[in-house]
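Biologist: I'd like to learn how to read a model like this one, feature by feature. Could you walk me through it?

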Amino acid sequence: MATRSGDRNPDIPIEEEGAPSHGVKRERGHSEAGNEATVDIDPDEPSKKKVGAPASSMCPMSPTSSSLTSIATEPMGHHTNLPMGYGTMLPLGGRMQLMNSVTQPRVNIAGSNNLVIIGSDVQSTGSVPRAASSFPGGVRSQHSASLEVVQERVRSQHSASLEELKQKLNHHLKIKYSRLTKQVQPIPFLKDKHSIDKVFTEVGINYMPAGDDTTWQKLESHHDIPTGTIGQSRVQIIEGDAGYGKSMMSLRMVHDWCTCDSRSPLNNVDILIRLNLRQLGGSKSIYEAIVKCLLPLDSSIKESDVEQLLRDEDIRTLVLFDAYDEYPDKDEEGNFVSRILEENLLQHVKVILTTRSSCIPEGCDRLTAGRIKLTGFDDHAREEYVRGVVTGGDEEATKKIVTQFNTNSILADICQSPLFSVIYAHSAHKAELKLDFGSVTEFFGYLMHCFHDHEDNKPQTKATAEEQAKFQEFRDNHDELDKLSYGALSANNQQQTWDKDKFVTEVGEEFYKRHIDIGILVAEEVMNRNYPKQPNPYKTEVRFFHKLSCEWYAAHHLVKRLRSLPSSVPENLVDLMNPSDLQHVYRFACGLDPIVTPRVLDLLKQKKDCDSLAVLCALEQKDKAGDVLDTVRDLVSRDVLISGDHSRLLQRTTIELVQRACQHEIPVPCLRLENCFKRFDVTNSGIVLESDFRLANMKTVRVLHTKHWYTDGEITRDELLGLLQTCEGLTKLR
């Protein structure tokens, strides 16, 4: 059983075996890391200290009754404080502690007879008369010098043992991280595993330094995240939508640190801790989480050792919290993650946290935390991934896949998400065919079928006719999984994980095993929040391979609910499932069943700032223009916004919404352009945005509200004339 810091280890003898009772005594000191410091003192000849101390004229001690028995650490708070600088004569059996809890090791000296001690911060267990602090001339200075040597020796031993402990921890961490970074699986149903350095591709990265709540600036690489202006912030938040590569980026950072990548500023980090917060429900401290989740079962490193290292301000530590939006305890007051973020714990430790944009921790405002937003793949990044990972450098195959992205605007927008882009590229290359999708719903439906089809087509897993019929039933009917998914996302504290035994009870053993085999579901070992009430500190939980899968099945249940409701939709239904965090649930619902689209849009009207999402939902029924014309009229009746902060997909759909309204002579009272203007196209009478999208033939737009046309704010006569030709019905430009 681990002993508390300061408790003497009973396995370490006070005297060396065979040492003479009146001769040299071997004194053992324990640093907090558990290593020993020894000092040899001959009580008859103090000048023969083996630590190299100068001769001391200490008060004489009888060799038959005196022994200096131990030098060991002792916690503060148990003794009477004496004034700084006092030397004290200990009475019989007294103990004295010399310590500074931050800057130096703590030395405890105990003796059976009176002993003179000089120190800077002295604490004693005995009651010491003030007169006892009198010393003969010269004793104080000589003994002080001797004791300083002892202190320095123990301090040196302490530093060495701390360094040894740090090296041991890093050894364990790098073994753990190496396994994680070499088993990256871009597409679950393909089962192919790669090293992170082979599959990682830089995505678009924008950042907003702490103290700035208006301006996003572009970063060139993930190597820039912990440095420069952003590096001045103790906490940095990496945010992005589902599938935009947050966890992949955190793994790449870990890989850079483990391999000492010369381009990475993480080379300056002594200890890097990466914790997947999804697995830490019930964990009471970061030290417990590190020991239980990152260290091997037979490691000798204890929680107190980890605490000692992380509390040391001379050790440069970076903690990387991944998937805060899936942290089970994020809404529990006083959880250790919140305490660290709010600087109530480990104030000197730097923190990087990944989360969805809709789930920023409350304790991290823009004045104290740097914000990093992942914006997805552009054309160059997509082509780089296809060439480097999918086709292995085959230029003809690369061109074939890239051309499909470039000739299908909807596909290109959908595949701005790295997850969707990777899935499409691998699937198109394997199938050697052109895949065409008109909406996100069509694309994700295809993805779900890929999971099933890929497993069914494996020769080694060829199913019997009876098994095939059962698998088809699982593919078509998943009501229980739909219900569980909906319940998980509509709870106040979203939880997309389930206890394995309870989950199997709900969906059935065969259904569970099938979805584990094909990769839609994943089983993983996590900390047991009921330990030690339950005997096992770990338990198995079930989750989807990605949160978007949970939204897919939840959308099926939402469709059933909306179909079963009367014409009016309950106002509280939208509050149960936050649209800003779960936009794909609503988009999938509209794509799955056009009948419920008007009801979904009614739901979104009840929620503030959901106009943009309503546009995306309406256009999931792209081929049914007549069915959504009333919706278009309603959406453009309010201010229509196109912002530089919007995704390419949202910009494109908003432009399409405006142009559809103009095509059908529907008035657009006000169109707002914010931080997205690039130039006027005088030749073709249009407005070109930074995304290279064009606005043209906007004949029913009445008011054009602009922000940041040019840095000098000037517009030429030709540009103004071209604008008036583009917006024939324009009455005001502001």
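This is a predicted model: local features need pLDDT of at least 70, side-chain atom pairs count only at pLDDT 80 or more; totals for chains, interfaces and linings use all residues.

Biologist: Is the crossing of α4 and α5 left-handed or right-handed?

Modeller: The general idea is to compare the near helix with the far one: left-handed if the near helix is turned anticlockwise by less than a right angle, right-handed if clockwise. Here α4 and α5 cross in a right-handed way. Residues are numbered from 1 along each chain as its sequence is written, and side-chain values use heavy atoms, with hydrogens and water left out.

Biologist: At what angle do helix α4 and helix α5 pack?

Modeller: Axes are lines fitted to C-alpha atoms, for helices over the stretch in contact, and angles run from 0 to 180 degrees between N-to-C directions. Helix α4 (residues 286-294) packs on helix α5 (residues 303-311) at about 120°, and their axes are 9 Å apart. That makes α4 oblique to α5, given that under 35 degrees counts as roughly parallel, over 145 as roughly antiparallel, 65 to 115 as roughly perpendicular and the rest as oblique.

Biologist: Which residues in α4 and α5 meet?

Modeller: Contact means heavy atoms within 4.5 Å. From α4 you get Ile286, Tyr287, Glu288, Ile290 and Val291, and they meet Glu303, Val306, Glu307, Leu310 and Arg311 in α5. By class, the contact of α4 with α5 has 6 nonpolar, no polar and 4 charged residues. For the classes, Ala, Val, Leu, Ile, Met, Phe, Trp, Tyr, Cys and Pro count as nonpolar, Asp, Glu, Lys and Arg as charged, and the others, Gly among them, as polar.

Biologist: How do α14 and α15 pack, by angle and axes?

Modeller: Helix α14 (residues 500-507) and helix α15 (residues 509-518) sit at about 115°, with axes 6 Å apart. That makes α14 roughly perpendicular to α15. On the α14 side are Lys500, Phe503, Val504 and Val507, which meet Glu509, Phe511 and Tyr512 in α15. That contact divides into 5 nonpolar, no polar and 2 charged residues.

Biologist: And which residues does α7 bring to α8?

Modeller: Asp379, Arg382, Glu383, Val386, Arg387 and Val390 of α7 meet Glu395, Thr398, Ile401, Val402, Phe405 and Asn406 of α8. Sorted by class, the contact of α7 with α8 has 5 nonpolar, 2 polar and 5 charged residues. Helix α7 (residues 379-390) and helix α8 (residues 395-407) pack at about 145°, their axes being 10 Å apart. The crossing of α7 with α8 is right-handed.

Biologist: Let's zoom out. How many helices and strands are in the protein chain?

Modeller: Helices (H or I, at least four residues) and strands (E, at least two) are DSSP runs, numbered from the N terminus. The protein chain has 23 helices and 26 strands. Of contacts between residues at least 6 apart in sequence, 70% join residues at least 24 apart.

Biologist: What share of the 734 residues is buried?

Modeller: Buried means under 20% relative accessible area, exposed over 50%, and partly exposed in between (1.4 Å probe, protein chains only). Buried residues are 52% of the 734 here. His426 is one of them, at a relative accessible area of 9%. His426 belongs to helix α10 (residues 418-431). Leaving aside neighbours within four places in sequence, His426 touches Pro186, Ile187, Leu190, Tyr385, Val389 and Val390.

Biologist: Is Lys547 buried or exposed?

Modeller: Lys547 counts as buried, at 8% relative accessibility. Lys547 is in helix α16 (residues 547-564).

Biologist: What about backbone angles: what is the phi of Ala323?

Modeller: Most residues other than glycine have a negative phi. Ala323 is not a glycine, yet has a positive phi of about 65°. Ala323 lies in the loop between β14 (317-322) and α6 (336-341), and is buried at 7% relative accessibility. Glu343 also has a positive phi of about 65° without being a glycine. Glu343 sits in the loop between α6 and β15 (350-355), and is partly exposed, with a relative accessible area of 39%.
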